[in-house]
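Please read the following report beside the sequence and the model.

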Amino acid sequence: MGSSLSNLNDGTNGLSMGPSLGDIPESCVACVFMYLTPPEICNLAGLNRAFRGAASSDSVWDKKLPANYQDLLDLLPPERYHSLSKKDIFAVLSRPIPFDDDNKCVCLQELWIDRVTGRVCMAISARGMAITGIEDRRYWNWIPTEESRFHVVAYLQQIWWFEVDGTVRFHLPPGIYSLSFRIHLGRFTKRLGRRVCHFEHTHGWDLKPVRFSLSTSDGQNASCEYYLDDVERDEALGQHKRGCWIEYRVGEFIVNGSEPSTEIQWSMKQIDCTHSKGGLCVDSVFINPIGDVKEHRKKAFVK
């Protein structure tokens, strides 16, 4: 058993009688790596010298980077990525990059590439959105917290007209994307090191649904409605929304790559003024890739 395992290495111990992984040319290993995910490539890099060399090859990592990776690099100071290999560029871009539409490094919006798929993801803070009544502390407060990637969330105490709107423009690579709101019922604090939730202000979300919508600059639209606090229904389904962060998926949109940039607009509103509502935390909006345009077209053709 031990001798057979040793043959998986370079085959340089003089005892191996047959071919081993160490005999595979680096170029062949690189061709195989084209079909593997970045974590799989990094795991295999320690097998032997050929695998290690292929795992650092620019030709391999160039295929793992998104088509618009230079647009992401342009958001960083040149010294952060100058003279880096494609593998190191992938590592840099897999960490959050602050940005705004004016290309200033203000942490209201973040971009990064997924470490498995290499596709572009995006998050927009509540501070980067237009919130009705946010300036009046009778209605809204900003709460610092480590539970948000932006370290702050907007907390609604009580209001009659509830509306949150946002927009972002960026050169996203072709693909299918979903947009979702991350929100939380109740106010949370820490007491003696334990997380505690308070629901004294939580009301009104079971009377009427909240309407979510999105639209894009090329005319795509999606909308949906959710009751944020339907306790009886949640208990029947074994769900517990109160005190938990929930991502409400608004819809999907497709980027074909024909436009230099795509503008996405979204909103979350409950503007029925017959009742007040409150006790809600708004953290951020996430835009995540969920599929490939070519695969989507193939499935549509088959149907």
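Between which two strands is the loop in which H151 is found? H151 is found in the loop between strand 5 (140–144) and strand 6 (152–156), in what is a predicted model. Although H151 is not a glycine, its phi is positive, at about 65 degrees. With a relative accessibility of 43%, H151 counts as partly exposed.

S83 is another residue other than glycine with a positive phi, in this case near 70 degrees, and its place is in the loop between helix 6 and helix 7. S83 counts as exposed, because its relative accessibility is 66% and exposure begins over 50%.

Strand 3 (residues 120–125) is largely enclosed by the rest of the structure, because 6 of its 6 residues are buried. V120, M122 and I124 point one way from the strand, while C121, A123 and S125 point the other way, and all of these residues are buried.

Strand 3 pairs with strand 2 in the antiparallel sense over 5 bridges, and within this pairing the bridge partner of Q109 is I124 in strand 3. The two strands form a hairpin with 6 residues between them, and in the turn G118 has a positive phi of about 75 degrees. Strand 3 also pairs in the antiparallel sense with strand 15 (residues 280–291), here over 4 bridges, and the bridge partner of M122 in strand 15 is I287.

## The buried side of helix 7

Helix 7 (residues 86–93) has as its buried residues K86, I89, F90, V92 and L93. These residues lie on the same side of helix 7, because they cover an arc of only 160 degrees around the axis. An α-helix has 3.6 residues a turn, so residues three or four places apart point the same way.

## Nonpolar cores

The largest nonpolar core has 65 residues, and L93, F162, F181, F212 and W266 are those with the most contacts inside it. Strand 8 (residues 175–185) supplies the largest share of this core, with 5 residues.

When neighbours within four places in sequence are left aside, F181 is in contact with residues from several parts of the chain, among them M129, V164, F212, Y248, W266 and V285. The contacts of F181 also include I246, E247, V250, S267, M268 and S284.

G251 is found in strand 13 (residues 245–255) and counts as buried, because its relative accessibility is 12%, whereas the limit for a buried residue is under 20%. Although G251 and S178 are 73 residues apart in sequence, their C-alpha atoms are 5.7 Å apart in space. Beyond its neighbours within four places in sequence, G251 is in contact with Y177, S178 and L179, and also with L214 and A222.

## Aromatic pairs and charges over rings

The structure holds 11 aromatic pairs. In the pair of F212 and Y226, the ring centres are 5.5 Å apart and the planes stand at 75 degrees, so the pair is edge-to-face. Because F212 lies in strand 11 (residues 210–216) and Y226 in strand 12 (residues 221–226), the pair ties together parts that are 14 residues apart in sequence.

Together with F181 and Y248, F212 and Y226 form one aromatic cluster.

Two arginines are placed over aromatic rings. R127 lies over the face of W142, at 4.3 Å from the ring centre, and R187 lies over the face of Y155, at 5.2 Å from the ring centre.

Note on methods:
Residues numbered from 1 in each chain as written. Predicted model: local features only at pLDDT ≥ 70, side-chain atom pairs only at ≥ 80, totals over all residues. Heavy atoms only, no water. Core = buried A, V, L, I, M, F, W, Y, C linked by side-chain atoms within 4.5 Å. Buried < 20%, exposed > 50% of the residue type's maximum accessible area, 1.4 Å probe, protein only. Contact = heavy atoms within 4.5 Å. Arc of directions from axis to C-beta. Phe/Tyr/Trp six-rings, centres within 6.5 Å; stacked < 30°, edge-to-face > 60°. Lys NZ or Arg CZ within 6 Å of the ring centre and 35° of its normal. Pairing = 2+ DSSP bridges.
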